[in-house]
Every structure is written in C-alpha cells, then in structure tokens.
Amino acid sequence: MKIVVISHFFPPEIGAPSARLYEMARHWVELGNEVHVVTCFPNHPTGVIPDKYKGLKYKYEQMDGIHVHRNYVYATPNKGFIKKTLGHISFMFSSVLISMKKIKRPDVIITSSPTFFSIFSGYWYSLIKRAPFVLEIRDLWPAAMIELGVMKKGVITNILEKMELFFYRKSKRLIMVTKSFKENVVSRGIDGSKVHVITNGVNQEMFYPREKSISIIDKYNLENKFVISYVGAHGISQNLSTILEVANSLKEYMDIHFLFIGEGAEKDKLKNIASGQGISNVTFIDSQPKEVIPEFYNTSDICLIPLKNIELFKTFIPSKMFEIMACGVPIVASLEGEAADILNESKAAEVVKPDNPEEIMHAIIKIKNDKVLYERLKEKGPAFVEQNYSRKNLAKEYLEIISEI
C-alpha cells in the first residue's frame with residue numbers, strides 16, 4: 001500500500017504522538033508498504049526550529065525507509081493559545097500547498113489529530129487525490145479544551161463540535177486510542193462498525209529493564225537516593241503542582257529526590273513554586289532526546305503518572321505508562337478511568353485518586369518500605385506490555401484495518 005500520514009508532530013520531536021506515528025510507519029515499511037509522512041519542521045515544545053531547517057519552506061528526508069515531507073510552520077513555544085493556533089493553521093496550509101503536489105496516487109490518507117486543523121488538510125487531500133480518508137483521534141477536541149478551561153462553551157465550540165462530527169462521518173475508518181473515545185463518538189451517532197481502537201503501545205527494542213545509569217546518577221547527584229521521576233509534558237493536564245506538594249511533604253526523607261523531566265506551559269510556574277517554598281528535593285531537567293528517556297526511567301525507583309481531576313481524563317490513557325512498565329519500574333498513578341483499569345490489571349502500579357497529594361505520598365512510602373511489593377511491581381510490568389501493548393503487533397492490527405477499505 002501507499003500510505004500517507006499527516007501529522008503536526010513527528011521525530012525528532014519527542015512525545016507520544018511522534019513516537020506512535022514513527023513506530024507505526026516504521027513497522028508498515030518493514031511489512032512492505034510505501035509510507036509518506038507529511039509534517040512540519042520540528043519545533044515542539046520549545047518553538048525552536050533546528051539550524052539545519054531554519055529558513056526552509058520544504059524539505060524531503062528519508063527516515064528508516066519512511067518518506068518524510070517537512071513543511072513550513074509558524075514555530076512558537078507550547079504556550080499561549082493564539083500563537084499555538086497560528087502555528088497549527090500555518091501547517092494546515094503549508095501541508096496542502098507544498099507537499100500535496102509531491103505525492104502521487106496514495107491508497108489511503110491518515111490524519112492524526114490533534115491538532116484539529118490537520119484534519120482539514122487530510123480531508124482536502126483525500127478529496128483531491130480521491131483516496132480514502134482515515135481519521136486517527138488521540139484527543140477529543142474541542143471537549144478537552146472546554147473541560148480544561150482553555151475555551152468556554154458557546155457559539156464557537158458548538159461550531160467546532162459540528163465540524164468534529166462532520167469529519168467523523170466523512171472518514172472511512174475512525175481509529176481511536178482508547179475504548180472510552182470509541183464509546184463517546186458512537187454515543188453521538190457515529191456508525192460503530194467503522195470505529196476501531198488501536199491503543200498506544202511500546203517499542204520494546206528501546207524500553208526494557210536495565211541497570212541504573214551511572215552517568216545520570218553522577219550528573220544529578222543521585223548517589224544513594226530513592227529517585228522518583230515524572231517524565232513528560234509540564235502542562236495543565238498533569239497538574240504537577242500536586243506533585244510539588246508531595247515533594248514538599250516528603251522533605252524529611254533525606255534519601256528521596258524528585259526529578260521533573262520535560263517542558264511545558266506550566267514549567268516556569270512550577271519552578272517558581274519550588275523556589276518560593278524552598279522545595280529542595282526536586283530537580284528540573286530540560287526535555288531529553290527519546291533515546292535517553294529509557295535511562296531516566298531505569299534510574300528511577302518510582303515513576304509518577306498524574307492527571308488532573310476532570311471527568312474527560314477518565315477516557316485518556318497516558319502512553320508513557322506502557323514505556324515505564326516495559327522498563328520494569330514501579331508506578332504511582334494518580335488518575336481514574338480506563339488508564340486506572342489497565343494499570344490495576346497489570347499489577348505493576350499503585351493507583352490513587354487524582355489531585356490527591358496525601359494518597360500519592362502514602363503510595364510512595366508504601367512502595368519504598370515494602371521490598372516484596374516493590375519487587376512484584378517491577379516484575380509484572382514487562383510481561384504485561386509484551387502480552388498486550390507491543391507496538392509491533394498494534395501496527396499489524398492497524399494495517400489490517402486500513403487494508404480492508
């Protein structure tokens with residue numbers, strides 16, 4: 001098959017969407033397919049385009065057999081609603097006006113959303129090329145924006161929701177990343193027979209149990225420390241101020257140290273809170289290349305997966321939980337819903353209520369003091385993801401769905 005994927009995010013950018021699409025595309029190439037990815041120049045989350053791409057409108061590259069078409073984008077840091085929206089809109093136009101001419105006769109066009117504006121590109125592309133339009137939904141937008149308080153429900157969101165349902169109806173297949181997303185769209189009148197669930201998964205060639213990294217221990221002064229890490233976006237969805245509260249409450253434990261690894265709109269605020277309250281058992285670390293992340297996981301004694309306490313997040317599954325389980329690192333997750341169900345089934349995590357610093361703190365101390373529990377949590381993760389969330393197997397399943405159109 002000749003598969004075209006349109007996505008705002010793609011490596012070398014880090015994050016769940018980039019990893020998901022790159023690994024899916026790589027496996028499809030290994031299975032004998034021609035895969036083109038239409039994306040923008042990398043700039044997420046800092047808004048800084050690498051020097052080798054600066055000043056360009058378009059660049060073609062090959063990455064592990066994947067044809068990558070990079071297009072102009074208005075690059076901006078991952079904060080500020082208006083500037084981010086302008087960035088999304090700029091890619092919506094550049095992806096169509098520049099890359100569409102360069103890809104001949106695709107068999108299927110997949111658009112991964114968010115961003116919401118990429119859907120326009122994909123649908124227009126499919127009309128012009130007369131190719132089936134497949135829509136992959138990784139976030140229920142605009143509902144998530146309303147619940148997070150970024151947008152108020154009103155005329156604009158009503159229009160956006162009508163557009164959302166229009167594109168759902170026009171797609172030949174809808175690929176959802178959680179069962180809850182599928183239930184949501186089917187309950188809103190979308191034909192359930194064309195809605196499929198392909199969850200996020202993990203690349204076990206990259207994420208597996210290893211010894212602690214001596215270089216990380218030395219660099220961040222973690223010798224003899226019980227290391228608790230959060231790796232990922234520092235945004236409003238994670239409500240990391242709760243984790244700072246936990247760190248502050250555990251400061252009497254001199255051997256416990258927290259690492260916050262990543263970037264996001266809330267990071268400066270979090271650093272100010274830590275500085276203002278004298279929370280000294282926390283180290284903030286810049287966003288790291290994907291290949292280094294397994295070393296941070298494996299150097300940690302516990303990894304945290306927090307989500308803000310809003311109803312919609314019960315339908316979300318943070319993809320990092322599969323990576324952490326694959327590394328055999330115990331998890332303390334403060335969330336509810338489908339992700340909590342998976343983690344409880346895995347027996348690789350302690351799951352507590354979201355936004356509840358007291359329960360998070362008790363879960364950490366419980367794992368730290370109970371060596372039997374600690375070893376059991378370490379042991380259960382790798383086997384569970386091998387059986388249920390191998391990216392390679394999920395890519396095959398995905399390919400079967402789009403091959404049947």
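**View A. In this predicted model, helices α8 and α13 lie oblique to each other.** The angle between α8 (residues 241–249) and α13 (residues 357–369) is about 55°, and their axes are 9 Å apart. That puts the pair in the oblique class, since under 35 degrees counts as roughly parallel, over 145 as roughly antiparallel, 65 to 115 as roughly perpendicular and the rest as oblique. Axes are lines fitted to C-alpha atoms over the stretch in contact, with angles from 0 to 180 degrees between N-to-C directions. Helices are DSSP runs (H or I, at least four residues), as are strands (E, at least two), numbered from the N terminus. On the α8 side, look for T242, I243, E245, V246 and S249, which meet P357, I360, M361 and I364 of α13 (contact: heavy atoms within 4.5 Å). By class, this contact has six nonpolar, two polar and one charged residues (nonpolar: Ala, Val, Leu, Ile, Met, Phe, Trp, Tyr, Cys and Pro; charged: Asp, Glu, Lys and Arg; polar: the others, Gly among them).

Some housekeeping: residues are numbered from 1 along each chain as its sequence is written, and side-chain values use heavy atoms, with hydrogens and water left out. As the model is predicted, local features need pLDDT of at least 70 and side-chain atom pairs count only at pLDDT 80 or more, while totals for chains, interfaces and linings use all residues.

**View B. Helices α2 and α3 run roughly parallel to each other.** Here α2 (residues 81–99) packs on α3 (residues 117–129) at an angle of about 15°, with 8 Å between the axes. Again the crossing of α2 past α3 is right-handed. α2 brings T85, H88, I89, F91, M92, S95, V96 and S99 to the contact, and α3 brings F117, S118, F120, S121, W124 and Y125. Sorted by class, the contact holds eight nonpolar, six polar and no charged residues.

**View C. The second largest pocket has a volume of about 260 Å³.** A pocket is an open set of points on a 1 Å grid over the protein atoms alone, with protein on both sides within 12 Å along at least five of seven lines; a cavity is a set where a 1.4 Å probe fits but cannot get out, and lining residues have an atom within 4 Å of a point. Volume is the space filled by probe spheres on points joined across faces, edges and corners. Its lining takes in 16 residues, with P11, Y22, M206, K290 and E291 nearest the centre. Helix α1 (residues 16–30) gives the most, five residues. The lining splits into eight nonpolar, three polar and five charged.

**View D. One cavity of 30 Å³ or more turns up.** The largest cavity comes to about 50 Å³. Around it sit L307, K308, N309, I310, F313, K314, L335, E336 and P354. That lining has five nonpolar, one polar and three charged residues.

**View E. Two cis peptide bonds and one positive phi.** P11 and P12 are joined by a cis peptide bond with omega of about 15°, and P12 is in the loop between β1 (2–6) and α1. S113 and P114 are joined the cis way too, at an omega of about 5°, with P114 in the loop between β5 (108–113) and α3. N224 isn't a glycine, yet has a positive phi of about 60°; look for N224 in the loop between α7 (214–219) and β9 (226–231).

Technical notes
A crossing is left-handed if the near helix is turned anticlockwise from the far one by less than a right angle, and right-handed if clockwise.
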